[in-house]
Amino acid sequence: MELQPLTLAIADDHTLFRKGVIEILKNFEEITVISDAANGAELLEKIEGNLPDIIMLDLEMPDMDGIAVARYVLSKYRKVKILIVSMYGEEELVKKLLEEGVHGYLLKSADPEELREVLQLLRNGKTHYPVFTPNFFAQRTLR
């Protein structure tokens with residue numbers, strides 16, 4: 001896969017995790033982190049005049065959680081892709097994120113290379129979700 005340049009904004013209330021991800025991403029020259037914030041409301045203020053290609057959001061944050069930010073961004077900035085990162089890997093949660101229109105979901109335990117690959121997928125118009133059962137996507141389309 002040819003690596004495409006992309007801009008990224010990150011919101012996560014766990015400072016050590018957020019800053020650690022930013023440091024890791026400095027090793028990937030095609031990725032430019034243009035903004036980071038401790039919650040969704042702060043992130044929305046920061047990106048207003050400088051939209052990233054992708055927003056990486058923690059699921060649970062104070063003031064404005066990842067789902068609320070995703071809803072807002074998806075309704076106002078259609079070209080921005082949303083990646084939710086979380087420690088929780090329940091199938092029902094992932095189905096809910098799919099229904100909300102989120103472009104990708106990744107566990108916080110993922111390897112840095114996997115994060116890089118997922119960001120590239122989203123940048124290229126694809127989605128990324130873990131598949132829990134063989135009929136995971138079939139169940140979603142039946143509802």
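**Entry 1: G125**

I started at G125, which sits just after helix α5 and takes a positive phi of about 85 degrees. Helices here are DSSP runs of H or I with at least four residues, strands are E runs of at least two, and both are numbered from the N terminus. Before going on, I noted that this is a predicted model, where local features need pLDDT of at least 70, side-chain atom pairs count only at pLDDT 80 or more, and totals for chains, interfaces and linings use all residues. I also jotted down that residues are numbered from 1 along each chain as its sequence is written, and that side-chain values use heavy atoms, with hydrogens and water left out.

**Entry 2: helix α5**

I checked the span of α5 (residues 112–123): its 12 residues reach 16 Å from first C-alpha to last, close to the 16 Å expected at 1.5 Å a residue. That expected span is 1.5 Å times one less than the number of residues.

Next I looked at the N-terminal end, which D111 caps with a side-chain oxygen 2.9 Å from the backbone nitrogen of E113. A polar contact is a pair of N or O atoms within 3.5 Å; within protein, one must be able to donate a hydrogen and the other to accept it, and residues adjacent in sequence count only if both atoms are side-chain atoms.

Which residues of α5 are buried? I found L115, R116, V118, L119, Q120 and L122. Buried means under 20% relative accessible area, exposed over 50%, partly exposed in between (1.4 Å probe, protein chains only). Their cover includes β1, α1, β2, β3, β4 and β5, and contact means heavy atoms within 4.5 Å.

**Entry 3: strand β4**

I moved to β4 (residues 81–86), where 5 of the 6 residues are buried. β4 pairs in the parallel sense with β3 (residues 54–58) over 5 bridges, and 4 bridges join β4 to β5 (residues 104–107), also parallel. Two strands pair if DSSP finds at least two bridges between them.

I then picked out L83: it is the bridge partner of M56, and it stands opposite G104 in β5.

**Entry 4: confidence**

I looked up pLDDT, the predictor's confidence in each residue from 0 to 100. The chain averages 90, and 90% of the residues score at least 70. Over residues 139–143, though, pLDDT is below 50, and this stretch has 7 contacts beyond near neighbours in sequence. Where pLDDT is low, the predicted coordinates should not be read in detail.
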